[in-house]
Amino acid sequence: MAQSRKIVITCAVTGAIHTPSMSPHLPVTAAEIAEAAIGAAEAGATIVHLHARDPESGKPDQTPQAFEPFLKVIKQRSDCVINLTTGGAPWMRVEERILPAQTFKPEVASLNMGSMNFGLFPMLNRFKEFKHSWEPEALEASRDLVFRNSFKDIEFVLRTLGDDGIRFEFECYDTAHLYNLHHFLERGLVKPPLFVQTVFGILGGIGGHPEDVMHMKRTADRLFGDQYRWSVLGAGRNQLPIAAMSAAMGGHVRVGLEDSLWAGPGRLAESNAQQVRLARQIIEGLGLEIASPDEAREILELKG
Ligand code: KMH
Ligand code: ZN
């Protein structure tokens with residue numbers, strides 16, 4: 001892994017996993033998503049990873065029309081790097097999931113590197129009051145849900161989006177996904193430097209223990225050497241401890257309400273910017289600096 005003294009903070013502002021009833025601070029409308037992304041960028045996030053939602057129900061919405069209004073505002077008011085999800089929600093088909101990236105051709109798009117169980121249902125124990133019927137239904141349905149990212153799906157995304165110069169945030173939820181990425185590297189379908197987002201603590205993927213983090217890093221180091229840039233995403237309570245581990249080792253970090261609703265034990269984060277500030281404190285406390293958008297463009301070799 002190429003170590004960096006400038007740390008790229010990604011902020012994933014809303015996602016598709018948490019539901020509006022879980023936190024009043026989860027951005028749902030286009031105006032809320034725009035404000036959250038701009039606030040995160042002002043607090044020090046270099047990249048904003050974006051999903052859209054139906055403004056009434058908060059249900060994930062992968063139509064380009066849902067993305068357009070907040071993308072316009074963010075681009076007017078910030079120079080941050082835009083990263084559009086191709087994960088959408090785990091129950092969507094890949095053709096639907098790539099529509100926003102296909103339409104808006106961002107600098108970065110996420111790409112999930114393997115199929116997996118995606119266990120949302122444990123949240124049914126923690127959160128019991130739901131305003132919309134789709135919320136508990138979606139969580140319950142995850143008992144029998146496979147987040148499908150077959151080799152054919154991954155190749156389809158690479159071939160459809162790669163020609164537009166879009167670079168990828170390769171989301172790897174277990175060591176197998178690193179090997180899948182290595183397979184595409186060997187076939188010449190992905191180009192270094194690879195922006196590898198290792199994901200910890202999702203039920204269905206690797207856990208959030210420090211040994212899990214080290215095992216993913218060692219495996220990525222062995223497979224990719226200097227050809228990758230390492231970033232981490234810890235789900236829920238794993239978010240900041242894992243961010244701290246990564247930063248201490250010269251890796252990059254991702255925070256945001258997509259990945260965790262919390263700002264500390266039992267304390268809901270009041271904004272995405274608050275989580276960015278917490279990550280920034282860790283980074284600067286370690287004597288490191290956060291990367292500006294242009295520095296991130298250089299580190300990740302984005303099209304700019
Ligand atoms: N929700 C995260 C664990 C995507 O958007 O492509 C993974 C994610 C998927 O960010
Ligand atoms: Zn996402």
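**The contact of α1 with α11**

Modeller: In helix α1, Ala36, Gly39, Ala40, Glu42 and Ala43 meet Asn272, Ala273, Val276, Arg277 and Arg280 of α11 (contact: C-beta atoms, placed from the backbone, within 7 Å). Five of the residues in this contact are nonpolar, two polar and three charged (Ala, Val, Leu, Ile, Met, Phe, Trp, Tyr, Cys and Pro count as nonpolar, Asp, Glu, Lys and Arg as charged, the others, Gly among them, as polar). The model is predicted, with pLDDT of at least 70 required for local features and 80 or more for side-chain atom pairs, while totals for chains, interfaces and linings use all residues. Residues are numbered from 1 along each chain as its sequence is written, and chains are lettered from A and ligands numbered from 1 in the order written.

Helix α1 covers residues 30-43, and its axis lies 8 Å from that of α11, at an angle of about 20° (axes are fitted to C-alpha atoms, for helices over the stretch in contact; angles run from 0 to 180 degrees between N-to-C directions). The two helices are therefore roughly parallel (under 35 degrees; over 145 is roughly antiparallel, 65 to 115 roughly perpendicular, the rest oblique).

Helix α11 (residues 272-285) also lies across strands β2 (9-12) and β11 (252-255), running at about 155° to β2 (helices, H or I, have at least four residues and strands, E, at least two, as DSSP runs numbered from the N terminus). Both strands belong to a barrel that eight strands close in the order β2-β3-β4-β5-β8-β9-β10-β11, with parallel pairing (at least two DSSP bridges per pair). Neighbouring strands of this sheet are turned by 25° against each other on average, direction ignored.

How values were computed: Two residues are in contact if their C-beta atoms, placed from the backbone, lie within 7 Å.
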